[in-house]
Amino acid sequence: MHRARPLTRFATLLSLLGSLCLPGVVSASAADVHEATLDNGLKVLVLPDDRAPVVTHQIWYKVGSADEPGGITGIAHMFEHMMFKGTENLGPGEFSEIIARLGGEENAFTGRDFTAYYQTLAADELETMMRWEADRMANLALDAEEFAKEKEVVKEEWRTRVRDNPTARLNQLLYATAFTSSGYHHPVIGWKTDIDAYTVEDLQRWYENHYAPNNATLIVVGDVDPETVVELAQKHYGPVASRDLPPAKPREEKAQHGIKRASLSIPAKLPHLLMGYKVPSLVTADDQETAYALAVAAGILSGDSGARLNNDLVRAGKLSAASAGYNLNARETTLFTLDATPRDGQSLAEVEALLREQIERLKNEPVGEGELERIKAQVVASDIYERDSLFYQGMTLGMYETIGLDYRLADRFVEGIRAITPADVQAVARTYFQDTALTLTTLEPRPDSGPQLAGSTRNASSGGTDRD
Amino acid sequence: MIDRRHQTLRLIPVALVTLFSALTARAESVLPLETWTTDNGAEVLFYATDTLPMVDARVILDAGSARDPESKAGTASLTASLLEEGSTERDAKAIADGFARVGAQFSASANLESTAIRLRSLTEPDWLWPAVDLMAEVIARPAFAAADVDRERDRQLRGIEARQQSARAVASDALRRAAFGDHPYGHPTDGSTESVERIQRADVQAFHQRYFVARNATVVIVGDLDREQAERLANRLTTSLPAGERPADLPPVPPLEESRTVHVEFPAEQSTVLVAFDGIPRRHEDYMPLYVGNHILGGSGFASRLMGELREERGLAYSTYSYLMPLRAGGRFVMAIQTRSDQAERALSLMIDELTDFIDNGPTGEEVGDSQANLVGGFPMRLNSNRKITEQAGALAFLGLPLDYFDDYTDRVRSVDADGIEAAFERHIDPQRRIEVIVGPDGGKRSDDDQNGGS
């Protein structure tokens, strides 16, 4: 075990505030991340926060839907569900029952680049969480009957999240169209035919290939002593053997040579346009400044209600709604997206023209110093606000490590954003917002759609009629 | 990113409240709130915490959609969204810039019972006070310019259209109507297309004039300030508000008179099923046994009977749960499930069976013990951030609960037993008297759409 150079996060931040000409900033205690790596390769990050006698315990596996080959898309997510279905030592749901009796909250989440499990509860119960989290890292049962039932649950989840959700379907269409060879092509929840066809053997293989201490990061944030946490981690996770895992295939996205378009005509109420430019992430960018400049560009477009899309388009009465987004925390080439809802009767072609005008503006004129300063102020302040949440602090550390970045980089985010100039934003706009990187998708509602109150009324017991 | 937990469809945020118990000395309050009244009559709650250099300030008004004028449902919501669209002194852009350049986060929105205006700021004086003054300005002196009213009304109408493509939103709106009928709780917060089209600038002005007054306001301040600074903040937030008057209490929610089923045709593979039964207002002596009972039946995620029986045992749903809807003037008890439409009837009847069994036989002693352990043990997570403390303090004040409510909370949780839960459920909830809302395709026909969601 070795300890990282302690980070004086507040000190860094406060000097930034200072450079925004703020005198007499309040003092705050420094929060240090303690780092250790067990012999089996499990990396442990501990961030003490003693505001309440609570701890969040998170384990992040470096595997997500982007690692799935064709035919078993969505299995990372299906597998995540099965992690609650018992081990050689605990019955199905028993870990959850233990957590519930202790008053804890728990959940898990799967993304393109990660699968993570967490519990938040009284700090003195941390060891119990470690014991059973380590247990399911090594001893998962994968019972066929439990799997058959849980597959039905996942199909219901697919119906809720995707099949019956027009904007989610548009989002799937965007990624499936924009990405060809990259693992970002298919949705996190998977294609329905693949969900139908998973087998227990698929799950077993997934477990063996990805769930090992040397492919995971343990994050503990809360009212804890870092030395004790590392000792406990050694006691419970230490005995889990490391394994040689098959190396990930490169699956680099192939070059795009022209604009891509796709449309979706399904029952829905509102037309929608969703477009994305392929851009580098914080991981794939040649330099971090590129990712920070793209993040600033997203802020210029829709960082708050006074940003360009809302102020110049929505407030000006030209669109009904519009936003932009860029997720820089991705392992692979990602998307810078814009989306909008037309006004009543407005064509999607007109919506597209309005959004592309905004893109051209970013390329053709430098953003104003005032616009830039307000984004920087928001980022500086948000960095403090985010510390109000134990879970979020853990999430930031886990995300960075899992996509392949040093967690210390998270602390440089504010500094990185502050260094961005109008010329930087203009430069990334010119470089990346090209038609050869663009995918445009549209949702065009089928006219026969929409809820209608049926004429029939059925009595539940004593009779009655619909009011509407 | 997708997570495993079912999403809950709560019509209102239920004040989840628990407490530190063993962790706190008896003599000391679990949530030591300072409280006072401003000169013009606004109630103030202040919680000092120096753990982060930031402040949350919230103004809560008894001005939810329940106060919408007759036939103009959606007025409260429209009023709230117009606040940041312009004041008598500055336009929307200047307001947005004013908050953004000092790193402040501002929002205003209405729900069923209240309108809340929220500010989050750093404590640095040059950043805090301009944001506070700007918030005071938009609360007290909105311009409600005709063009802004027209545009925001159009956007609210578009929002209502957007809700029509979510089965959950459609079901929730239909349940509101069916379960509360003509009571002021009986319309969706955003109103309907017809009601919103009727709202004029004068309606918004009148709503603002009536309800945005000091005596109708609760100010919650949580953060790194001392008492003197908090008083200054509260004064600056409210000084421009007229004293006004608190509105009269809403009429009590009447019991359900008859059972009925509302079917809403919706193009989907799943049906969304919501069932409402009689309930209680938040300030009711049976609240605690019902709360713990609901926790066992359908309020505690995977630990609940509904999740165990319908999801874990039968794989019928991703999401199923129940909740009390304990409002000021009354409430309903609601059960919910989303499932493939051809099995919706079966899921509904299993849900009713679970409720009937629960009322007939009550929970087991073990279930009660487990739930109590969860509620007591989970306390530290209820108040472990400034945001949660702000929400809980605001809820206490708005609901008229004693400010030392948390201090004997665990005792009250522990005082509940299986017989008490069974008796309380039997007193208030009749499984046969219910409103069913089923949103989905007619007759459970499977869609002929492609299997991969169109992409």
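**The two domains of chain B**

Modeller: In this predicted model, the centres of domain 1 of chain B and domain 2 of chain B, taken over C-alpha atoms, are separated by 28 Å. Domain 1 of chain B covers residues 21–238, whereas domain 2 of chain B is made up of 260–391 + 399–444. Where they touch, domain 1 of chain B contributes 25 residues and domain 2 of chain B contributes 27 residues. On the side of domain 1 of chain B that touches domain 2 of chain B, at least two residues each are supplied by strand E4 (54–61), helix H5 (167–180) and strand E7 (217–223) of chain B. H5(B) gives the most to this side, with eight residues. Sorted by class, this side of domain 1 of chain B holds 16 nonpolar, five polar and four charged residues.

Another helix of chain B, H4 (residues 146–163), may be considered next. H4(B) has 18 residues and reaches 26 Å from its first C-alpha to its last, close to the 26 Å expected at 1.5 Å a residue. Its buried residues include Val149(B), Glu152(B), Arg153(B), Gln156(B) and Ile160(B). Seen down the axis of H4(B), the buried residues fall within an arc of 165°, and therefore line one face of the helix. Among the elements that cover them are helix H1 (75–82), helix H6 (193–198) and helix H7 (201–211) of chain B. The face of H4(B) turned away from the buried side carries the exposed residues Ala146(B), Ala147(B) and Asp150(B).

Definitions and conventions: Residues numbered from 1 in each chain as written. Chains lettered and ligands numbered in written order. Predicted model: local features only at pLDDT ≥ 70, side-chain atom pairs only at ≥ 80, totals over all residues. Helix = DSSP H or I, 4+ residues; strand = E, 2+ residues; numbered from the N terminus. Expected span 1.5 Å × (residues − 1). Buried ≥ 20, exposed ≤ 12 C-beta atoms within 10 Å, placed from the backbone. Arc of directions from axis to C-beta. Contact = placed C-beta atoms within 7 Å. Domains from an automatic or database assignment. Nonpolar A, V, L, I, M, F, W, Y, C, P; charged D, E, K, R; others polar.
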